[in-house]
Structures are given as C-alpha cells and as structure tokens.
Amino acid sequence: MKTRTIVSAIIACKNKFLIAKRAKSKKFAPNKWEFISGFVDNSKTAEEIINNELKDEVNIRGKIVRKFDPYVIVDKEARWIILPFLIKMKNEKFTLNKKDHSEIKWVTLKELKKYKELSNELKQLNFKNTF
C-alpha cells in the first residue's frame, strides 16, 4: 500500500463550509465529496500548495486561520497523511473547475455531517469543538 500526503482546505464563510464533488475522471475517489485538497509532491510548503489549490480548483483566495494536527486515513487506495487547514473567506463566490469537480456547494455544519465521505475528516478535526 502506498502512502500519499495531501493538504486539505476546510473553507468557511458565514457559518457554511465549501465542499466539492470530485470529477468522475479523477484517479482517486471519483464522484466523492471532499474538502478542496491537493497532493504534497514537490518542494513547496504545505501552505503554498493549499493556496495554489484554492486558486486552481475554485478560483478563490482565503486566509489560513488555523492549522489542524495532521491525521491518517487508510482506504483501499492508499494510506493518506492529511494536513488540514481552516481557511476563512469574506464572501461565498467561487468558480467551478470542471476538470477537478462536477459540483461545489456551501453547506451548514449540520448538512456537512450528512456526507459519509467526509465523516472521517470530521471526526479527526473534532468539528464540534472548533466552530
């Protein structure tokens, strides 16, 4: 089993969170809901990578307001080391990049808990004590 490291952006604005459904053409987790994320696979810092992913995947800029502790999730594809960041935005505007995602939407914390694909992340981030 391979080990992969990714950054993950928990994007918040006005008590809502931005989630995205991965395009069906994606190699890993196609058609699954996720927080915006990207591979750590070069000499850039995790902060630089997360900011690049925000720009490339949803054309937004936000402010990193918290760096959560890294955690590990193991599934059939790999062992994932996840470096999560809380990103605050001033407005809810974004641009859908269809190469990466088929759908993107803002959801409340209550709605967020209904997405099975995000349940491991929510547990690891201890969301109830964060917001």
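**Surface patch, charged pairs and aromatic pairs**

Val72 is found in strand β6, which covers residues 71-74. In this predicted model, Val72 has a relative accessible area of 42% and is therefore classed as partly exposed. Together with Met1 and Val74, Val72 makes a nonpolar surface patch of about 320 Å².

The charged side chains may be considered next. Side chains of opposite charge can pair when their charged atoms come close. The structure holds three salt bridges. In one of them, Glu34 and Arg22 meet with N and O 3.3 Å apart. Because Glu34 belongs to strand β3 and Arg22 to strand β2 (residues 16-22), this pair ties together parts that are 12 residues apart in sequence. Glu34 counts as buried at 10% relative accessibility, and Arg22 is buried with a relative accessible area of 12%.

Another salt bridge joins Asp100 to Lys26, with the closest N and O atoms 3.0 Å apart. Asp100 lies in the loop between β7 and β8 (101-107) and Lys26 in the loop between β2 and β3, so the pair ties together parts that are 74 residues apart in sequence. Asp100 counts as buried at 7% relative accessibility, whereas Lys26, at 24%, counts as partly exposed.

Lys67 and Glu47 also form a salt bridge, at 2.9 Å from N to O. This pair links strand β5 (residues 63-67), which holds Lys67, with helix α1, which holds Glu47; the two residues are 20 residues apart. Lys67 counts as exposed at 51% relative accessibility, and Glu47 is partly exposed at 26%.

Helix α1 (residues 46-58) also contains Glu53. Glu53 is buried yet has no salt bridge: the nearest side chain of opposite charge, Lys26, is 7.4 Å away. A salt bridge requires a side-chain nitrogen within 4 Å of a carboxyl oxygen. Leaving aside neighbours within four places in sequence, Glu53 is in contact with Ile36, Ser37, Gly38 and Val58.

Turning to the aromatic rings, the count comes to two aromatic pairs. Trp33 and Tyr115 form an edge-to-face pair, 5.3 Å centre to centre with 65° between the planes. Trp33 is in strand β3 (residues 33-34) and Tyr115 in the loop between α2 (109-112) and α3 (119-125), so that distant parts of the chain, 82 residues apart, are linked. Both Trp33 and Tyr115 are buried. Phe39 and Trp80 form a tilted pair, 6.1 Å centre to centre with 35° between the planes. Phe39 in strand β4 (residues 36-39) and Trp80 in strand β7 (residues 79-88) are 41 residues apart. Phe39 is partly exposed, with a relative accessible area of 34%, while Trp80 counts as buried at 8% relative accessibility.

Note on methods. Residues numbered from 1 in each chain as written. Predicted model: local features only at pLDDT ≥ 70, side-chain atom pairs only at ≥ 80, totals over all residues. Heavy atoms only, no water. Phe/Tyr/Trp six-rings, centres within 6.5 Å; stacked < 30°, edge-to-face > 60°. Helix = DSSP H or I, 4+ residues; strand = E, 2+ residues; numbered from the N terminus. Buried < 20%, exposed > 50% of the residue type's maximum accessible area, 1.4 Å probe, protein only. Lys, Arg positive; Asp, Glu negative; His and termini not counted. Contact = heavy atoms within 4.5 Å. Patch = residues over 30% accessible without salt bridge, like charges linked within 9 Å, V, L, I, M, F, W, Y side chains within 5 Å. Areas by Shrake-Rupley, 256 points an atom, 1.4 Å probe, with all protein chains shown as cover.
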